[in-house]
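Here are my notes on the model you sent. Please read them with the structure open beside you.

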Amino acid sequence: MMYNGSRNKTLTFYPAICFTCSESAAEAYGPHIATVEIDRSKLTIKTVEMTAEEMREAIADQEWPCDRKADIDAAIAAGYDAVAYTDCDEHGQTHDCIRILTQAAYDAAVVQCNS
C-alpha cells in the first residue's frame, strides 16, 4: 500500500504526483488520504540515492527529485516512468516515496483502493 495526502477530496493525476509508504507522512501533505496499490513491474523507475548533504540541501531548498518540469521532462526522455527517493515532510520526518511522471504510467500502474 502507498498513500497520497492532498487538500483535494479526489485523487487526480498531475505530473510528478507522489505516493509514500507512510500513511502518517501522507497526512502532512493534506487531510484527504488516498490509498493505492502501485504495480512497480509496470514502471521503469529511476532510484535516486541522496547523500546526507543532498538531503539537507533538499530540505533547505524544498526541492526534490523531479520537482521541476525540466527534470520531469529529462527523466521521461531517459525512459523513466517514475522516480523513487527518500523525501522529508515539513516536520522533518523522512519517508520513501515514488513520483509518477506521466498519465500513462499512472493509468498502467496505480490502482486506487479508497479516498
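What percentage of the 115 residues in the protein is buried?

1. Burial. The answer is 41%. Keep in mind throughout that this is a predicted model. The accessible surface comes to about 6600 Å². Carbon and sulfur atoms account for 47% of that surface.

2. Layout. The protein has four helices and seven strands. Along the sequence they run β-β-α-β-β-α-α-β-β-α-β. The radius of gyration is 13 Å, and the globule rule gives 13 Å for 115 residues, so the protein is as compact as a globular protein of that length. Along the principal axes, the C-alpha atoms fill a box of roughly 35 × 35 × 20 Å.

3. Contacts along the chain. Take the contacts between residues at least 6 apart in sequence. Of these, 64% join residues at least 24 apart.

4. The largest nonpolar core. This core holds 16 residues. Those with the most contacts inside it are F19, I38, L43, I98, I100 and Y106.

5. F19. Start here if you want one residue to look at. Leaving aside residues up to four places away in sequence, F19 touches M2, Y3, N4, L11, V36, I38, D96, C97, I98, I100, Y106 and V110. Among these partners, I38, I98, I100 and Y106 are also listed with F19 as having the most contacts inside the largest core.

6. Aromatic pairs. How many are there in the model? The count comes to three. One of them is F13 with Y106: the ring centres are 5.4 Å apart and the planes sit at 50 degrees, so the pair counts as tilted. F13 lies in the loop between strand 1 and strand 2, while Y106 is in helix 4, so this pair ties together parts 93 residues apart in sequence. Both residues are buried: F13 has 15% relative accessibility, and Y106 has a relative accessible area of 11%.

7. The stacked pair. F19 and Y106 also form an aromatic pair. Here the rings are 6.4 Å centre to centre, with 25 degrees between the planes, and the pair is stacked. It links strand 2, which holds F19, to helix 4, which holds Y106; the two residues are 87 apart. F19 is buried, as is Y106.

8. Two backbone angles to check. Most residues other than glycine have a negative phi. A16 has a positive value, near 75 degrees. A16 sits in the loop between strand 1 (2–6) and strand 2. Is A16 buried or exposed? A16 is buried, because its relative accessible area of 5% falls under the 20% cut-off.

9. C66. Phi of C66 is positive too, near 65 degrees. C66 is placed in the loop between helix 2 (52–61) and helix 3 (69–77). C66 is buried, with a relative accessible area of 8%.

Note on methods:
Residues are numbered from 1 along each chain as its sequence is written. This is a predicted model: local features need pLDDT of at least 70, side-chain atom pairs count only at pLDDT 80 or more; totals for chains, interfaces and linings use all residues. Side-chain values use heavy atoms; hydrogens and water are left out. A nonpolar core is a set of buried Ala, Val, Leu, Ile, Met, Phe, Trp, Tyr and Cys residues joined through side-chain atoms within 4.5 Å. Buried means under 20% relative accessible area, exposed over 50%, partly exposed in between (1.4 Å probe, protein chains only). Contact means heavy atoms within 4.5 Å. Rings of Phe, Tyr and Trp (its six-membered ring) pair if their centres lie within 6.5 Å; planes under 30 degrees apart count as stacked, over 60 as edge-to-face and the rest as tilted. The radius of gyration is taken over C-alpha atoms; the globule rule is 2.2 Å times the number of residues to the power 0.38. Accessible areas come from the Shrake-Rupley method with a 1.4 Å probe; for residues, only the protein chains shown count as cover.
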